[in-house]
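Dear colleague,

Please find the structure below, handed over for your use. My notes on what was found in it follow directly after.

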Amino acid sequence: MFSSTYIKVKNKKNQTLDFHVMANKPENELIMEIGTQIRDRRTELKLSRASLAEEVGVALSTMQAWENGEREPSASNVVRLAEALSTSAHCLITGNKIEQETQSATPPIQDVLGNDVDLEEFVFIPRYDVRAAAGYGAINDSEAPRFPMAFRRYWIKNHLNADPHHLFVITVDGSSMNGTLNDGDSILVNGADTDPKEGIYVLRVDGHLLAKLVQRIPGGLLKVSSTNSAYEPFTVDMNNQPEDFATIGRVVWFGRTI
């Protein structure tokens, strides 16, 4: 007896699958080939027969009979098998070489040398078209980032000890911090660190964003200074802050074009 089979079933995503299989082979040979495909794919995926049977929802003895070619799986079971084995029902039915379905798969991301890149290793921080020392106002919801910059998740978590959702990148403008932060540098700012003690912070002063060295001094004062001696330092009374003064965040990294 030769096999000619038409199958119309739905998978778990409620998608209709239509197969019309005709083969110039005895039906028992086709059943054996289906069993071989099931066994080979299961072995390739390093699945036990028992775990596959449980995934498909059949007894272990049924799975063994399918793999040995003693019994033919029903159309609905073929679909369950294909999904459990990450392949197509068509491959299982026709006896063709099993291939993992790629219609909905995302193409692998690679670096310039062709090495695969795991995007889960990175976080993408927004970069705003705002310049510290010449921008107006703070970063707010109306600002649209120009593009994101990628940073390793491990570095953000273990070296910065920061929540990536509070980070953003802006650009340095001017010469007040020359030697430490130069004009055009990109700076990564932690917007959750708004209680300045000592370090480089982005401040809003009189409507402008300034990247400055800050230092707490006795009396509740914050000394704000520059690395360029042409810029005079000043102090802010943190107990009686000016109306248009705010700490935007701490600078935790910078990038520079040589």
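**An aromatic pair in the interior**

Tyr128 and Phe168 are both buried, where buried means under 20% relative accessible area, exposed means over 50%, and partly exposed lies in between (1.4 Å probe, protein chains only). This is a predicted model, in which local features need pLDDT of at least 70 and side-chain atom pairs count only at pLDDT 80 or more, whereas totals for chains, interfaces and linings use all residues. Residues are numbered from 1 along each chain as its sequence is written, and side-chain values use heavy atoms, with hydrogens and water left out.

**Aromatic pairs**

Rings of Phe, Tyr and Trp (its six-membered ring) are taken to pair if their centres lie within 6.5 Å; planes under 30 degrees apart count as stacked, over 60 as edge-to-face, and the rest as tilted. By this rule there are three aromatic pairs. Tyr128 and Phe168 form an edge-to-face pair, at 6.3 Å centre to centre and with 80° between the planes. Because Tyr128 lies in strand β3 and Phe168 in strand β5, this pair ties together parts that are 40 residues apart in sequence. Helices (H or I, at least four residues) and strands (E, at least two) are DSSP runs, numbered from the N terminus.

The ring centres of Phe151 and Trp253 are 5.1 Å apart and their planes stand at 90°, so this pair is also edge-to-face. It links distant parts of the chain, with Phe151 in strand β4 (residues 147-152) and Trp253 in strand β11, 102 residues apart. Phe151 is buried, with a relative accessible area of 7%, while Trp253 counts as partly exposed at 26% relative accessibility. Ring pairs link Phe151, Trp155 and Trp253 into a cluster.

**Overall picture and confidence**

The protein has six helices and eleven strands. Buried residues make up 36% of its 258 residues. The mean pLDDT (the predictor's confidence in each residue, from 0 to 100) is 81, and 79% of the residues reach 70 or more. Over residues 1-24, pLDDT stays under 50. The value also stays under 50 over residues 98-104. Where pLDDT is low, the predicted coordinates should not be read in detail.

A contact means heavy atoms within 4.5 Å. Among contacts between residues at least 6 apart in sequence, 53% join residues at least 24 apart.

**Strand β7 and its partners**

Strand β7 (residues 198-205) is mostly covered, with seven of its eight residues buried. Two strands are said to pair if DSSP finds at least two bridges between them. β7 pairs with strand β8 (residues 208-217) in the antiparallel sense over eight bridges, and the bridge partner of Arg204 in β8 is Leu209. These two strands form a hairpin with two residues between them, and Asp206 in the turn has a positive phi of about 50°. β7 is also joined to strand β11 (residues 245-255) by five bridges, and these strands run antiparallel. Here Val202 stands opposite Gly249 in β11.

**Nonpolar cores**

A nonpolar core is a set of buried Ala, Val, Leu, Ile, Met, Phe, Trp, Tyr and Cys residues joined through side-chain atoms within 4.5 Å. The largest has 16 residues, and those with the most contacts inside it are Ile170, Leu181, Ile187, Val189 and Val202. The elements that give two or more residues to this core are β3 (122-132), β5 (167-172), β6 (186-190), β7, β8 and β11. A second, separate core of 15 residues includes Ile34, Ala82, Leu92 and Ile93. Ala82 belongs to helix α4 (residues 75-84), where Asn77, Val78, Val79, Leu81 and Ala84 are buried as well. Ser86, which follows α4, has a positive phi near 55°.

Arg153 is found in helix α6 (residues 153-158) and counts as partly exposed at 37% relative accessibility. Leaving aside residues up to four places away in sequence, Arg153 touches Glu120, Glu121, Phe122 and Val123. A polar atom of the Arg153 side chain lies 3.1 Å from the backbone oxygen of Phe122.

Asn240 is found in the loop between β10 (234-237) and β11, and Asn240 is exposed, with a relative accessible area of 59%. Asn240 and Gly220 are 20 residues apart in sequence and 9.1 Å apart in space, C-alpha to C-alpha.

With kind regards

Methods. A polar contact is a pair of N or O atoms within 3.5 Å; within protein, one must be able to donate a hydrogen and the other to accept it, and residues adjacent in sequence count only if both atoms are side-chain atoms.
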